[in-house]
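Subject: Structure handover

Hello,

Here is the structure for you to look over. My notes follow below it.

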Amino acid sequence: QLQLVESGGGLVQPGGSLRLSCAASGFTLDDYRIGWFRQAPGKEREGVSCIHGGIGSTDDADSVKGRFTTPRDNAQNTVYLQMNSLKPEDTAVYFCAARSTAPSAKSCSVAAPSRVYDYWGQGTQVTVSS
C-alpha cells in the first residue's frame, strides 16, 4: 500500500527555519515525482515545490525561491522541504503528494495541478508568528 507521512511542522518565528519530512512507503522514490503543496485558511491549495525522485531535479514557486529547497534521501525513501527565512504568509497546512513518472520524464513542474497527483499525505501545520 502506497503511503506518504509528513512530519516536522510547528510554530516558528519569522526569519526562522523548519524542515518538513515526507516519508514514502510502498513505492520507491525513483519512479515518482513528489510535490509539496500548502493550503492556508480560505485559500486554494498551491504548489510550493516538486522534485523528480530519481533524477533529483526540482522546481520551486516564485514565492519560495531562494528560501525553500527540496532535498531527498533515496536510501530513506524520504523527501524533505527545507524552509528558511520563513514569513507569516508561509503559514499553512503543508502536504506532500506523489505521482508516477514515465521513464522519459526528466523533470517536474511546480505548476502541475494537485489533481494529477495520485497519493497524498495527511498534512502538517506550519505556523510562522512572533
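This is a predicted model: local features need pLDDT of at least 70, side-chain atom pairs count only at pLDDT 80 or more; totals for chains, interfaces and linings use all residues.

A residue counts as buried when its relative accessible area is under 20%.

Overall fold first. The protein chain has 12 strands and zero helices. Read along the sequence, the pattern is therefore β-β-β-β-β-β-β-β-β-β-β-β, and the radius of gyration is 14 Å, close to the 14 Å that the globule rule gives for 130 residues, so the chain is as compact as a globular protein of that length. Along the principal axes, the C-alpha atoms fill a box of roughly 45 × 25 × 25 Å.

Now packing. Of the 130 residues, 44% count as buried. Take the contacts in the chain with a separation of 6 or more: 63% of them come from residues 24 or more positions apart.

Surface and charge next. The accessible surface is about 6400 Å². Carbon and sulfur atoms account for 45% of that surface. There are 12 positive and 12 negative side chains. The centres of these two sets lie 2 Å apart.

Now the serine. S21 sits in strand β3, which covers residues 18–25. Is S21 buried or exposed? Its relative accessible area is 16%, so S21 is buried. Which residues does S21 touch, leaving aside those up to four places away in sequence? They are V5, E6, S7, W36, T78, V79 and Y80.

Best wishes

How values were computed
Residues are numbered from 1 along each chain as its sequence is written. Side-chain values use heavy atoms; hydrogens and water are left out. Helices (H or I, at least four residues) and strands (E, at least two) are DSSP runs, numbered from the N terminus. The radius of gyration is taken over C-alpha atoms; the globule rule is 2.2 Å times the number of residues to the power 0.38. Buried means under 20% relative accessible area, exposed over 50%, partly exposed in between (1.4 Å probe, protein chains only). Contact means heavy atoms within 4.5 Å. Accessible areas come from the Shrake-Rupley method with a 1.4 Å probe; for residues, only the protein chains shown count as cover. Lys and Arg count as positive and Asp and Glu as negative; His and the chain ends are not counted. The place of a charge is taken as NZ of Lys, CZ of Arg, CG of Asp or CD of Glu.
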